[in-house]
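Visitor: Please take one part of this model and go through it closely. I would like the aromatic residues and their surroundings.

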Amino acid sequence: MCPMPIVKAKKALDELNPGEIMEVISTDKGSLNDFQAWVKQTNHELLKHSEKDGVYTFLVKKNE
């Protein structure tokens, strides 16, 4: 379980305005659980997630 996708996502999300959407691409198979927990803790929204050939894609909306 690598925390880097969450660490990098947090840093990038800090640069966005509320309401903006960020796409995150990861190859870490633990990413789905990590992102679901992270958005609950941070009050952001996981709008969509998908997996294809070991590549995980997430759309995260920044809330207030």
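**The aromatic cluster**

Guide: Phe35 and Trp38 are both buried in this predicted model. The rings of Phe35 and Phe58 have centres 4.4 Å apart and planes at 20°; with under 30 degrees counting as stacked, the pair is therefore stacked. This pair joins distant parts of the chain, since Phe35 belongs to helix 2 and Phe58 to strand 3, 23 residues apart. Phe35 has a relative accessible area of 0%, and Phe58 has one of 1%; both residues are thus buried.

The structure holds two aromatic pairs. In the pair of Phe35 and Trp38, the ring centres lie 5.8 Å apart and the planes stand at 90°, so the arrangement is edge-to-face. These two residues are three apart in helix 2, which puts about one helical turn between them. Phe35, Trp38 and Phe58 make up one aromatic cluster.

As for the surroundings, leaving aside residues up to four places away in sequence, Phe35 touches Pro5, Ile6, Ala9, Val24, Phe58 and Val60. The largest nonpolar core consists of 11 residues, among them Phe35, Trp38 and Phe58. Its other members include Ile6, Ala9, Leu13, Met22, Val24, Val39, Tyr56 and Val60. At least two residues of this core come from each of helix 1 (4-14), strand 1 (21-26), helix 2 (31-42) and strand 3 (55-61).

How values were computed:
Residues numbered from 1 in each chain as written. Predicted model: local features only at pLDDT ≥ 70, side-chain atom pairs only at ≥ 80, totals over all residues. Heavy atoms only, no water. Core = buried A, V, L, I, M, F, W, Y, C linked by side-chain atoms within 4.5 Å. Buried < 20%, exposed > 50% of the residue type's maximum accessible area, 1.4 Å probe, protein only. Helix = DSSP H or I, 4+ residues; strand = E, 2+ residues; numbered from the N terminus. Contact = heavy atoms within 4.5 Å. Phe/Tyr/Trp six-rings, centres within 6.5 Å; stacked < 30°, edge-to-face > 60°.
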